[in-house]
Amino acid sequence: MNAGSPRRAELAARLLAVEERLTVACRAAGRERAAVTLVAVSKTWPATDVAALADLGVADFAENRDREAAAKAAQVPQVRWHFVGQLQTNKCRSVAGYASAVHSVDRAKLVEALARAAVEGGRTVAALVQLQLDRDQSAPARGGAGADAVPALAEAIAAAPGLRLAGVMAIAPQGEEPLAAFERLAAVAARLRADHPTADWVSAGMSGDFPAAIAAGATHVRVGTALFGRRPPVLG
Ligand SMILES: *Cc1c(COP(=O)(O)O)cnc(C)c1O
């Protein structure tokens, strides 16, 4: 992208504003800015936007659909790609080809499929257990395992070739104070670290709630709208 293009200038201004909010949130939480990784969620936005933000110093990008992710990762291979969407086992081979981290591991079958794909591709993939934080477990399915299922899933990941157990991920439920939900995630993360000390990632917080996630100890915030603008509505 042309260094002087209006879109690049907009992305630079949005990144600056997000960085300011990150700095303020870290300071308020008594944490170092370096303790939190900004993961830019680029779904629906073109590879040229990813390249522009990469140029501006963003190193981590995330997508939630394999087809779109695979195309962008091929166009911008020099950044780290994270997969954060609900994942089907038949997409694991593709995802393991470009993703350095998968944040949405929520069932044993997925551990098996992802491990097999990583080994076949000669890759090591960082895997996070996605925790379902909704108190109402009949809430719209956005993926995630119940807290009771986390230890066994973590063990399976830790034992799987091709995978590295990195930590936990969650999406704040609607209709609840995000800080309270992120504190439940922090408690699950602490229990996980007791058994797996190197599994220290806590992936939590989006454009609307990342300061609360940082207050509760998030190490990776997944920010889309605040960096790129409002996504066009997705049908279906
Ligand atoms: C889209 C998405 C985000 C980013 O959400 P914004 O509100 O646009 O910042 C974060 N995490 C996941 C899993 C997503 O699908």
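**Figure 1. Thr225 and the ligand in the predicted model.** A polar atom in the side chain of Thr225 is placed 2.6 Å from an oxygen atom of the ligand. Of the 390 Å² of accessible area that the ligand has on its own, the protein covers 90%.

Figure 2. The side chain of Ser207 has a polar atom 2.5 Å from an oxygen atom of the ligand. For Arg222, an N or O atom of the side chain lies 2.9 Å from a nitrogen atom of the ligand.

Figure 3. The protein contains 9 helices and 8 strands. Among its contacts with a separation of 6 or more, 60% join residues 24 or more positions apart. Buried residues account for 49% of the 236 residues.

**Figure 4. Overall dimensions and surface of the protein.** The radius of gyration is 17 Å, which agrees with a compact globule, because a globule of 236 residues would have a value near 18 Å. Along the principal axes, the C-alpha atoms fill a box of roughly 50 × 40 × 35 Å. The protein exposes about 11100 Å², and carbon and sulfur atoms supply 54% of this area.

Methods
Residues numbered from 1 in each chain as written. Predicted model: local features only at pLDDT ≥ 70, side-chain atom pairs only at ≥ 80, totals over all residues. Heavy atoms only, no water. Polar contact = N/O pair within 3.5 Å; in protein donor to acceptor, adjacent residues only side chain to side chain. Areas by Shrake-Rupley, 256 points an atom, 1.4 Å probe, with all protein chains shown as cover. Helix = DSSP H or I, 4+ residues; strand = E, 2+ residues; numbered from the N terminus. Rg over C-alpha atoms; globule rule 2.2 N^0.38 Å. Buried < 20%, exposed > 50% of the residue type's maximum accessible area, 1.4 Å probe, protein only. Contact = heavy atoms within 4.5 Å.
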